[in-house]
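Here is a short briefing on how one protein is divided up and how two of its parts meet. Look over the structure, then read the points below.

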Amino acid sequence: MKFICEKTKLQEAISIAQKAITGKSTMPILEGIYIKADSEGLTLIGSDIDISIETKINAEVLQKGTIVVDAKLFGEIIRKLPNDKIVIEQLQIGEDNTIQITCKKSVFNLLYMNSDEFPSLPNINETKIFSIPQNLLKNMIKGTSFAIAQDEARPILQGILFEVNNSYLNLVALDGYRLAIRKEIIDSENTISSVIPGKTLNEVAKILEDTDKDVDITFTTNHILFNLGETRIISRLLEGEFIKYSSLLPQEYKGLVTANKQELQNGIERASLMAKEGNTNLIKFELKEDTLIITSNSQLGKVREEVSVNLQGDEMQIAFNSRYLLDVLKVMDEEEVVLELTSSVSPCVIRNKNIGDSKYLVLPVRLAR
């Protein structure tokens, strides 16, 4: 193998492929990046079995071949080289298999592994496809991934539900304390319901660009493929049945609160400074006709915040973990938000005032009587 390519392109490709390498695998080969040089240029693959990322770049290939190199060290070497052309070639030095990396006056010799040991990518027939703009999917992932369960007690909740039905794509995440739903219209007649690991989607979101160029998505029985053209991301799906989330949403409410999102967020953030005691981050809401009073008491002191709101319906008192509310508000884009409330022990539904593309449910904290 011997090829010449631009440092910046190679560095970017390594960065993309590395996102699939967790360093937690028991297989040493999966600590490496698979590199193939052929007539089409360079292909780089990173994998941890659950997720594989393949990306392609242009290169001048003088001799074809495949190798696997330690991802971390190779990435560090390329990152620190000058911004110029890099020449990489296989050498046989004694019994060692090495590659020589040359850039200007820098020369590295790096051991490589046998590429035959690297697991092959799942073979996916790209027929069951729908497309969605990259920036839209990125926003949908950002708007739901915070609600993925962190503990391993219920593995299915460590993923996000991808639900395609009636030309809508729904992304749904829940962890037992809050529920996040994002909905967008897509051009697809397919009906799909699959759960993708949260860690996969967080890496996908880092690779997706802030552009309206489409990403093509294909589902199989066990895998999902995101095709961005030069980069393909393949992930296994989580096994099991996702919770029937629609039954968790209250069908009616007794109090409807409309508030400026930023003012509400600022008030909660300030009140939460006094709510650090323990892990509850407890803040209390007292709803009046045109005012929301937010309070928090701890051994450190007290705080009282007032936020102007519009309340339709019953006045009430209710308490929350402030972190759960802030996680929701931080991913909402609209200027005004609506809170639907039923009682001090019933879930609160938060949504945009005008755009119906997102809905969030947060459970209250029961107060000791």
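The protein splits into domain 1 (2–113), domain 2 (130–246) and domain 3 (250–365). The model is predicted.

**The annotated region**
- An unreviewed UniProt entry lists residues 132–242 as "domain: DNA polymerase III beta sliding clamp central".
- Over residues 132–242 the chain is 42% strand and 17% helix.
- The end C-alpha atoms of that stretch lie 23 Å apart.

**Extent of the interface**
- Taken over C-alpha atoms, the centres of domain 2 and domain 3 are 27 Å apart.
- In contact are 14 residues of domain 2 and 14 residues of domain 3.
- Between them, domain 2 and domain 3 bury about 1,200 Å². Carbon and sulfur atoms give 51% of that area.
- Within domain 2, the most area is lost to domain 3 by Phe146, Tyr177 and Arg178. Together these residues make up 41% of what that side buries.

- Two salt bridges are found between domain 2 and domain 3.
- Arg182 forms a salt bridge with Asp357. Their closest N and O atoms are 3.5 Å apart.

**What the domain 2 side is made of**
- Helix 3 (134–142) and strand 13 (178–185) each supply at least two residues to the side that touches domain 3.
- Strand 13 gives the largest share, seven residues.
- By type, this side of domain 2 has five nonpolar, four polar and five charged residues.

Methods:
Residues are numbered from 1 along each chain as its sequence is written. This is a predicted model: local features need pLDDT of at least 70, side-chain atom pairs count only at pLDDT 80 or more; totals for chains, interfaces and linings use all residues. Side-chain values use heavy atoms; hydrogens and water are left out. UniProt positions are given in the numbering used here, feature names are shortened, and annotations may be inferred rather than shown by experiment. Helices (H or I, at least four residues) and strands (E, at least two) are DSSP runs, numbered from the N terminus. Domain bounds come from an automatic or database domain assignment. Contact means heavy atoms within 4.5 Å. Buried area is the accessible area (1.4 Å probe) that two parts lose on being put together, summed over both. A salt bridge is a side-chain nitrogen of Lys or Arg within 4 Å of a carboxyl oxygen of Asp or Glu. Ala, Val, Leu, Ile, Met, Phe, Trp, Tyr, Cys and Pro count as nonpolar, Asp, Glu, Lys and Arg as charged, and the others, Gly among them, as polar.
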